[in-house]
Amino acid sequence: MSIESEGDKKVLPSPTDEVPPLPLDADTMLPKHDSITIEDLCLLCDMFYLPYQHGSRAVELLQELSWLVNYNPQSKEEENDSTLPTEWTRKAEQFRMKCGVIDTLFTKIDGPNRSLHYEIHPYVTEVQSALYRAKAYISRIER
């Protein structure tokens, strides 16, 4: 993500622009726990895009959660589809990995910049607690 300048004005990319994925740690295959990046802040802003509208990545997470709940492999209506449990498990794992990115954001904000920490901690905590409940529900369905 870069900031482009038009003359004397600086133009920030819009929230709908494609944001590159976070770099992964080679050992754990989870995002690196370095300092907070612009991509991290864009992810947080995308979660709280407008007061009554979520950003694209938040909507994507909600759609994935909705799909996982609606196509529960243990539901009676879907028993005749043999590929559904495999696809459901794959999508559940993808959902957990995306939730893991938010978890790493929570650990990143606890850094040396205390004023930033106090400003964005309530927002990250709110998203993280909602995702914990969603992951717990998915785990319960999976059993």
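Is Lys 135 buried or exposed, judged by its relative accessible area?

Modeller: Lys 135 is buried, because its relative accessible area is 17% (buried means under 20%, exposed over 50% and partly exposed in between, with a 1.4 Å probe and protein chains only). Before we go on, please note that this is a predicted model, where local features need pLDDT of at least 70 and side-chain atom pairs count only at pLDDT 80 or more, while totals for chains, interfaces and linings use all residues. Residues are numbered from 1 along each chain as its sequence is written, and side-chain values use heavy atoms, with hydrogens and water left out.

Lys 135 belongs to helix 4 (helices are DSSP runs of H or I with at least four residues, strands are runs of E with at least two, and both are numbered from the N terminus). Apart from neighbours within four places in sequence, Lys 135 is in contact with Phe 95, Arg 96, Cys 99 and Asp 103 (contact means heavy atoms within 4.5 Å).

Gln 128 also lies in helix 4 and is buried, since its relative accessible area is 7%. Setting aside neighbours within four places in sequence, Gln 128 is in contact with Ile 102, Asp 103 and Phe 106.

Phe 48 and Tyr 123 have ring centres 5.2 Å apart and planes at 70 degrees, so their pair is edge-to-face. This pair joins distant parts of the chain, 75 residues apart: Tyr 123 is in helix 4, and Phe 48 is in the loop between helix 1 and helix 2. Phe 48 is partly exposed because its relative accessibility is 31%, and Tyr 123 is partly exposed at 43%.

The pair of Trp 67 and Tyr 71 is tilted, with 5.1 Å between centres and 35 degrees between planes. Trp 67 is buried at 18% relative accessible area, whereas Tyr 71 is partly exposed at 35%. Over the ring of Trp 67 sits the charged end of Lys 91, 4.2 Å from the ring centre (for this, NZ of Lys or CZ of Arg must be within 6 Å of the ring centre and within 35 degrees of the ring normal).

The axes of helix 1 and helix 2 come within 6 Å and cross at roughly 65 degrees (axes are lines fitted to C-alpha atoms, for helices over the stretch in contact, with angles from 0 to 180 degrees between N-to-C directions). Helix 1 is therefore roughly perpendicular to helix 2 (65 to 115 degrees, while under 35 is roughly parallel, over 145 roughly antiparallel and the rest oblique). Helix 1 contributes Cys 42, Leu 43, Asp 46 and Met 47 to the contact, and helix 2 contributes Ser 56, Arg 57, Ala 58 and Leu 61.

Terms used:
Rings of Phe, Tyr and Trp (its six-membered ring) pair if their centres lie within 6.5 Å; planes under 30 degrees apart count as stacked, over 60 as edge-to-face and the rest as tilted.
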